[in-house]
Amino acid sequence: MTALRCATSRLDEAAHTLARGSLRERTRTPGRRRARGIDRGGDGERGAGVRSIPEGAASDPRSSRRSFARAFERSFVRSIDCSSRARASSSRRRMPPRRPKTTRRPAGASSRGRAPATEPSWAHSQAIELLNDAKLATDASAKTSALKALTELVLRKDPNGLLAEFLTPLLELQVDPTPAARKYVASLCEEVVVSHPDHIVPCVGAVRALLKDETPVVVKTAAKSGQVIFREALIQAATLGEGPAVPKHVTETWAAARAIKDDVRALVLSDRANDGVRMQAVKFLEKVVLLFHGVDWGASIVAHDHATLSMDELQTEADDLIGVLLECLKPDACAKQSGTVTLVMIGAAANVTTKLPMYAAFVLPALLELAASYAGQTEVRPISHWSPYDRVRVVNAVP
């Protein structure tokens with residue numbers, strides 16, 4: 001319709017132009033024609049050198065029809081060209097915007113934290129592929145390789161965009177039938193807490209569950225990771241739990257960390273625990289005793305009216321843990337355990353005494369009694385009682 005209207009308008013213009021030209025030619029006088037130098041007859045000077053037009057050519061109907069046809073052709077071509085340009089520009093304006101592609105989250109991926117990227121990225125697609133490979137792999141080495149590659153991608157290359165999404169499905173592998181995968185999850189918790197302490201909450205729960213695993217190597221790795229996680233939970237409780245309003249996640253994290261400490265304490269006293277597990281548990285208790293006395297962290301920020309922590313209560317718990325350690329160093333207990341476990345316990349007690357001399361009054365009698373039992377002696381040389389703590393509760397020594 002637009003082309004037809006445009007052609008019609010141009011046709012009308014051409015017709016009017018031709019009509020006006022014909023009218024001027026008919027009404028123009030011979031004198032004026034000669035004055036303009038277009039005299040059709042004669043050999044006058046004014047007409048010399050000027051192209052003569054045959055008389056009657058302007059009024060020739062065939063010439064008018066040819067002029068009209070050429071004008072109509074030009075008008076129609078211009079109208080078609082104008083219509084095509086208008087149609088192309090309107091189609092470009094009406095084209096709907098292209099919607100960005102979305103990427104599906106892997107099965108079990110968390111929706112918390114940052115939302116998944118609307119545009120597919122290489123890192124996100126690679127992370128999904130590695131997670132699926134880790135879940136579907138039946139070989140332990142292939143599963144561990146996929147988990148290592150996924151950790152490198154999620155934890156180091158793009159932690160801000162991928163860690164919040166892929167941490168939960170990674171920790172769900174704690175129930176994987178492959179012990180190597182469960183062991184890797186236990187070590188992963190330590191890496192996550194060290195580099196990103198704000199993700200400590202799911203890691204505490206995973207480590208506590210792995211401490212009850214049936215495979216000794218998994219339990220040992222969980223106890224090692226728990227040592228780092230416990231320190232971070234203590235620092236968060238000291239800095240974020242001073243009150244008066246304590247965040248709920250801080251209270252829950254500290255309660256879970258204390259539960260980890262109790263589980264590790266039970267492993268030290270267990271006769272059925274693996275030797276490697278017990279040695280790692282002893283190192284855990286050694287670290288906790290030092291932390292409860294303010295060693296290796298800023299315990300000075302804990303005020304007397306702190307809403308979450310009390311240094312007096314923590315030091316009392318440290319005394320109890322020292323008692324557990326010295327209980328395992330009694331001659332009867334050492335006779336039932338391997339010599340490597342005994343050596344680790346002796347080293348832990350000596351390290352605590354070096355950094356906290358207040359426990360020397362408890363540790364030295366226990367070590368002397370142990371040495372006398374190995375040398376065939378039955379008597380223990382008494383030492384002076386200078387410690388303010390209840391020595392009888394810790395070790396049965398002569399006052």
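These legends walk through several close-up views of one predicted model.

View 1. Let's start with the big picture. The chain has 16 helices and zero strands. Of its 399 residues, 38% are buried. Now take the contacts whose partners have a separation of 6 or more: 66% of them join residues 24 or more positions apart.

**View 2. Helices H9 and H11, side by side.** Two packed helices are described by the angle between their axes and the distance between the axes. Here, the axes of H9 (residues 216-240) and H11 (residues 275-292) come within 8 Å and cross at roughly 5°. Angles under 35 degrees count as roughly parallel, so H9 is roughly parallel to H11. Which residues do the touching? On the H9 side they include Pro 216, Val 219, Ala 223, Gly 226, Phe 230 and Leu 234. On the H11 side, look for Gly 276, Val 277, Gln 280, Phe 284, Val 288 and Leu 291, among others. Sorted by type, the residues of this contact come out as ten nonpolar, four polar and five charged.

View 3. Zoom in on Gln 280, which belongs to helix H11. Is Gln 280 buried or exposed? Its relative accessible area is 10%, and buried means under 20%, so Gln 280 is buried. Setting aside neighbours within four places in sequence, Gln 280 is in contact with Lys 220, Ala 223, Lys 224 and Gln 227.

View 4. Back over on helix H9, find Phe 230. With 1% relative accessibility, Phe 230 counts as buried. What does Phe 230 touch, leaving aside neighbours within four places in sequence? The list is Trp 254, Ala 257, Arg 258, Lys 261, Phe 284, Val 288, Leu 291 and Phe 292. Pick out Leu 291 from that list: Phe 230 and Leu 291 are 61 residues apart in sequence but 9.5 Å apart in space, C-alpha to C-alpha. Rings matter in this view too, as ring pairs link Phe 230, Trp 254, Phe 284 and Phe 292 into a cluster.

**View 5. A tilted ring pair, Tyr 359 with Phe 362.** The count of aromatic pairs comes to four. In this one, Tyr 359 and Phe 362 sit 6.2 Å centre to centre, with 50° between the planes, which makes the pair tilted. Tyr 359 is buried, at 1% relative accessibility. Phe 362 is buried as well, with a relative accessible area of 1%.

**View 6. Helix H15, end to end.** Helix H15 (residues 360-375) has 16 residues. From its first C-alpha to its last, H15 reaches 22 Å, close to the 22 Å expected at 1.5 Å a residue. Its buried residues are Ala 360, Ala 361, Phe 362, Val 363, Pro 365, Ala 366, Leu 370 and Ala 372.

**View 7. Helix H7 and what covers it.** Helix H7 (residues 179-195) has 17 residues, which should span 24 Å at 1.5 Å a residue. The end C-alpha atoms of H7 are 25 Å apart, which agrees. Among the buried residues of H7 are Ala 181, Arg 182, Tyr 184, Leu 188, Cys 189 and Glu 190. So what covers the buried residues of H7? The cover includes helices H5 (140-157), H6 (159-171), H8 (200-210) and H9.

View 8. Thr 151 is found in helix H5. At 2% relative accessibility, Thr 151 counts as buried. Not counting residues up to four places away in sequence, Thr 151 touches Arg 156, Tyr 184, Leu 188 and Glu 191. Thr 151 and Glu 191 are 40 residues apart in sequence and 9.5 Å apart in space, C-alpha to C-alpha.

View 9. Most residues other than glycine have a negative phi. Phi of Asp 296, though, is near 70°, a positive value in a residue other than glycine. Where is Asp 296? Look in the loop between H11 and helix H12 (311-328). Asp 296 is partly exposed there, with a relative accessible area of 41%.

Key. Residues are numbered from 1 along each chain as its sequence is written. This is a predicted model: local features need pLDDT of at least 70, side-chain atom pairs count only at pLDDT 80 or more; totals for chains, interfaces and linings use all residues. Side-chain values use heavy atoms; hydrogens and water are left out. Axes are lines fitted to C-alpha atoms, for helices over the stretch in contact, and angles run from 0 to 180 degrees between N-to-C directions. Helices (H or I, at least four residues) and strands (E, at least two) are DSSP runs, numbered from the N terminus. Angles under 35 degrees count as roughly parallel, over 145 as roughly antiparallel, 65 to 115 as roughly perpendicular and the rest as oblique. Contact means heavy atoms within 4.5 Å. Ala, Val, Leu, Ile, Met, Phe, Trp, Tyr, Cys and Pro count as nonpolar, Asp, Glu, Lys and Arg as charged, and the others, Gly among them, as polar. The expected span of a helix is 1.5 Å times one less than its number of residues. Buried means under 20% relative accessible area, exposed over 50%, partly exposed in between (1.4 Å probe, protein chains only). Rings of Phe, Tyr and Trp (its six-membered ring) pair if their centres lie within 6.5 Å; planes under 30 degrees apart count as stacked, over 60 as edge-to-face and the rest as tilted.
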